[in-house]
Amino acid sequence: MRRLPEAEPGEPDSRSAGRYLLWIARGQLSLILGGVCFGVLWMISQALVPAVIGSGVDALARGDRHGLLRAGAAVLGLGAATAITGILRHRFAVSNFLSAGFRTVQVTARHATRLGAALPKRVATGEVVSIGTTDFDHIGYSVDVSARASGSVVAIVVVTALLLRVSVPLGLVVVLGVPLLVAVVGLLLRPLHRRRRHQRQLAGELTGRAADIVAGLRVLRGVGGEAEFSRRYRTESQRVRFAGVRVARVESTLEAAQILLPGCFIALVTWLGARFAVAGRISPGELVAFYAYAAFLIGPLRTLTEFAEKLTRGLVAAGRVVAVLRLEPDFQEHPDPVPAAGGDLDDPDSGLCVRERRLTAVAAVRPGDAIAIAERLALLDPASRVRLRGVPLRDMALADVRRHVLLSDNDATLFRGPLRDEVGDGATLADAAALDIVEALPGGLDAEIAERGRDFSGGQQQRLRLARALAADPPVLVLVEPTSAVDAHTEARIAERLPAARAGRTTVVCTTSPLLLDRADTVAFVGADGRVAATGAHRELLDSCPQYAMTVTRGED
């Protein structure tokens, strides 16, 4: 798999949604300025058309043939300018949309890799998934609409100037009316922002619920839990629907305001223009221009309300992104890290000592204690005090620790893509007793595996995970119940081949399988108090430690 690039300098400090959107804007400033430039030219070329048409009507009324031709040529030129600038504006708008959305995905993915194992503990899967889907669109649109909004503001200013030149009262109506319309629409944005934020939170929780159901569908069918989880999903989806209806109520009011208020405003301008024309204060051509301006202003005014609505959505989405970016990793880099090197590992909390280049098995009365030890050995537990050669792992560079110690458990994910990307050249497939899996695939190692390896059974997934861990060949490999989902014959083959596959390397296997325990150089038995109660060879402990014998034989004589 390709590694994500390191975080760029100057990335947002995640303190507010508004600052995040400003960070996005700074990062693609040239694209935004290009979109604004062409958006302004696009709107101005449209705003000048009514004035040119009005001058053409006056030329026609005077019988001025040359004036009429000049007006017609001007309309043709403005039409061409509108077409060209419209195309370029749209290209910049799409570029802004995609850049903002994908930069959000990238910065979130980078931060997710920094969080590592802390991410699923801190935030639901649905929240992260929604950032790449729903929030992607909302943040992109909030940047995309900026070009048209800027052009609309300039167009309203130009129209106001033209109206003031012809008639001061009509110009003042526009100057005073437009801010009033924006203020009225702004009253609806606060409740819309609040309700949309609530809906977004519920939608993220529902997405997480759906992901859990899909991942555990096979288990649900096995225990007959489909109906119960279907009922829970239906209940939560109704909550999301009700929240969406509440959002839609405000949105419908906003949509109605976008039609009603500009319509009333345009009707007022048209009525005043008609009265001025009847009174002889403006010419017929200027009256035609006023009618055209009345129709034209609907577009810019609606664009401004659309900008306010999409900005609200963008702020809600940015707030969710910021919530993820605020999360801090469990571990911070040591200011003066010690290089990681070979040596024995010891865990003061459990009393476990892992000898270098040996295969150590950990058998625990309570499986949770073995998992806790594995997480401490791999420095995935913030409270870990594990030492390597007497030096705490926390005092070493995290990247060195991650390269030195690899934890492979049954929650490890098989990623979508060619199987070769997971297990390399396949040299470790025999050690994991997984050759039959590859031989059954149509493309062998080049076969495309589905997301999370869902096309494979639980035992097949477990063997492929083991093959991947062995292919990584880390100096220290920690395995958690690597054979819990395979049959006894396959387990015996894995137990036989594992010591040779890891010869000269340090290996820790957390298991209560007698087959694996019998192949270990040393077995550490962890009692009910979470500490090592006895160490030795498997057969020795069977004779000398009754509690160990009871644990690994499941109470059988």
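Author: Here is a walk through the rings and then the core. This is a predicted model, where local features need pLDDT of at least 70, side-chain atom pairs count only at pLDDT 80 or more, and totals for chains, interfaces and linings use all residues. Residues are numbered from 1 along each chain as its sequence is written, and side-chain values use heavy atoms, with hydrogens and water left out.

Start with the ring pairs. Rings of Phe, Tyr and Trp (its six-membered ring) pair if their centres lie within 6.5 Å; planes under 30 degrees apart are stacked, over 60 edge-to-face, and the rest tilted. The count is six aromatic pairs. One of them is Y20 with W23, tilted, at 5.9 Å centre to centre and 35° between the planes. Both residues are buried, meaning under 20% relative accessible area with a 1.4 Å probe, protein chains only.

The charged end of R103 sits over its ring, 4.5 Å from the centre. That label needs CZ of Arg, or NZ of Lys, within 6 Å of the ring centre and within 35 degrees of the ring normal.

Now take F525 and Y548. Their ring centres are 5.6 Å apart and their planes lie at 80°, so this pair is edge-to-face. F525 is buried, at 0% relative accessible area. Y548 is also at 0% and counts as buried.

Conventions
Buried means under 20% relative accessible area, exposed over 50%, partly exposed in between (1.4 Å probe, protein chains only).
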